[in-house]
There are 2 protein chains.
Amino acid sequence: MKISTKGRYALRLMTDLAIHKDDGYISIKSIATRQNISEKYLEQIIKLLAKENLVESTRGAQGGYKLTREPIEYTVGEILRVTEGSLAPVACLETDDNPCENCMDCVTLEIWQCVLDAVNKVVDSITLQYLVDKQKEKGNCICC
Amino acid sequence: MKISTKGRYALRLMTDLAIHKDDGYISIKSIATRQNISEKYLEQIIKLLAKENLVESTRGAQGGYKLTREPIEYTVGEILRVTEGSLAPVACLETDDNPCENCMDCVTLEIWQCVLDAVNKVVDSITLQYLVDKQKEKGNCICC
DNA sequence: TGAATTCCTAGTAAATTTGTAGTATATTAT
DNA sequence: ATAATATACTACAAATTTACTAGGAATTCA
């Protein structure tokens, strides 16, 4: 039941972008340096966020990424779902397509649905702005 | 954020044992056949449950496993934690030892703690007896 | 004694995660 | 124009975890 580095790095990445939201476009390189994360790996993660329009980019010198909205308009849940794929504990609950076709009355499915709902409720109640505030208050912890 | 087959198989295994709770010791072989799960793999999973005294065993002919308590006295959460290791979304929240020593004020740790609490609350509120009742009502669905 | 069964240790194949590498393309400053 | 700086894209590779498989020792019962 682990969150992967993709999701965790994405939160740090987005928090970093939020903190520098008034500094124009921010390069992956500078984020990678500050957060001590592989530049190339960050590139792949931010691509997922860009595809879903959570961030926008420009190429070339002075290029980089920036948020498309205000930090308070993002939830942690949304960031995690874009990067982790889904927070569902079983594949059967993954996006629309197949809620377990041949097995609508699966005994355990309802449990996984409750778990998913509970997780979503938590992560959807926390905004990116909250992370920014905490970060400014507590310092730049990057372990979890 | 997936539950592995270990946890899912464990639920089916325990439900199977609960349904046959008055039939004496139940062999792995018979469970494996009914549930269509590898015998050897089940053996490893049930070992985890035996170590924590959720089931007891006897060897030899007519041997096998049985529950140590009534089905209503087990929660799904307990079964999952024994087999999955922990339901924590990050390693920092894993069992006592290190709640992130060098980083007590990790920005995201508190989010993961809330997620863990929410998950535990759900799975701890469901008993094995509930799974048995549902199974008897709905039939032997084994997909999730 | 022999069949059935758990107990124990190791190995292994497949899948997933976590990156690396290299090149093409675009933008800006000089 | 050209050089420097970035993203965009594709492919590959190492490391880790998951999901099994294999084989034999120990135990129990008929």
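The views are drawn from a predicted model in which local features need pLDDT of at least 70 and side-chain atom pairs count only at pLDDT 80 or more, while totals for chains, interfaces and linings use all residues. Residues are numbered from 1 along each chain as its sequence is written, chains are lettered from A and ligands numbered from 1 in the order in which they are written, and side-chain values use heavy atoms, with hydrogens and water left out.

**View 1. The second largest cavity and its lining.** A search of the whole structure finds 3 cavities of 30 Å³ or more, a cavity being a set of points on a 1 Å grid over the protein atoms alone where a 1.4 Å probe fits but cannot get out, with lining residues having an atom within 4 Å of a point. Two or more lining residues come from each of helix 1 (5-19) and helix 6 (128-138) of chain A, where helices are DSSP runs (H or I, at least four residues) numbered from the N terminus. By residue type, the lining divides into 8 nonpolar, 3 polar and 1 charged.

**View 2. The aromatic pair Tyr9(A) and Tyr41(A).** Over all chains the count comes to 2 aromatic pairs, rings of Phe, Tyr and Trp (its six-membered ring) being paired if their centres lie within 6.5 Å, with planes over 60 degrees apart counted as edge-to-face. The ring centres of Tyr9(A) and Tyr41(A) are 5.9 Å apart and their planes stand at 80 degrees, so this pair is edge-to-face. Because Tyr9(A) lies in helix 1 and Tyr41(A) in helix 3 (residues 39-51) of chain A, the pair ties together parts that are 32 residues apart in sequence.

**View 3. The aromatic pair Tyr9(B) and Tyr41(B).** With ring centres 5.8 Å apart and planes at 80 degrees, Tyr9(B) and Tyr41(B) form an edge-to-face pair. Tyr9(B) counts as buried at 19% relative accessibility, whereas Tyr41(B) is partly exposed at 27% (buried is under 20% relative accessible area, exposed over 50%, and partly exposed in between, with a 1.4 Å probe and protein chains only).

Methods: On a 1 Å grid over the protein atoms alone, a cavity is a set of points where a 1.4 Å probe fits but cannot get out, and a pocket is an open set with protein on both sides within 12 Å along at least five of seven lines; lining residues have an atom within 4 Å of a point. Grid points are joined across faces, edges and corners, and a volume is the space filled by probe spheres set on the points. Ala, Val, Leu, Ile, Met, Phe, Trp, Tyr, Cys and Pro count as nonpolar, Asp, Glu, Lys and Arg as charged, and the others, Gly among them, as polar. Rings of Phe, Tyr and Trp (its six-membered ring) pair if their centres lie within 6.5 Å; planes under 30 degrees apart count as stacked, over 60 as edge-to-face and the rest as tilted.
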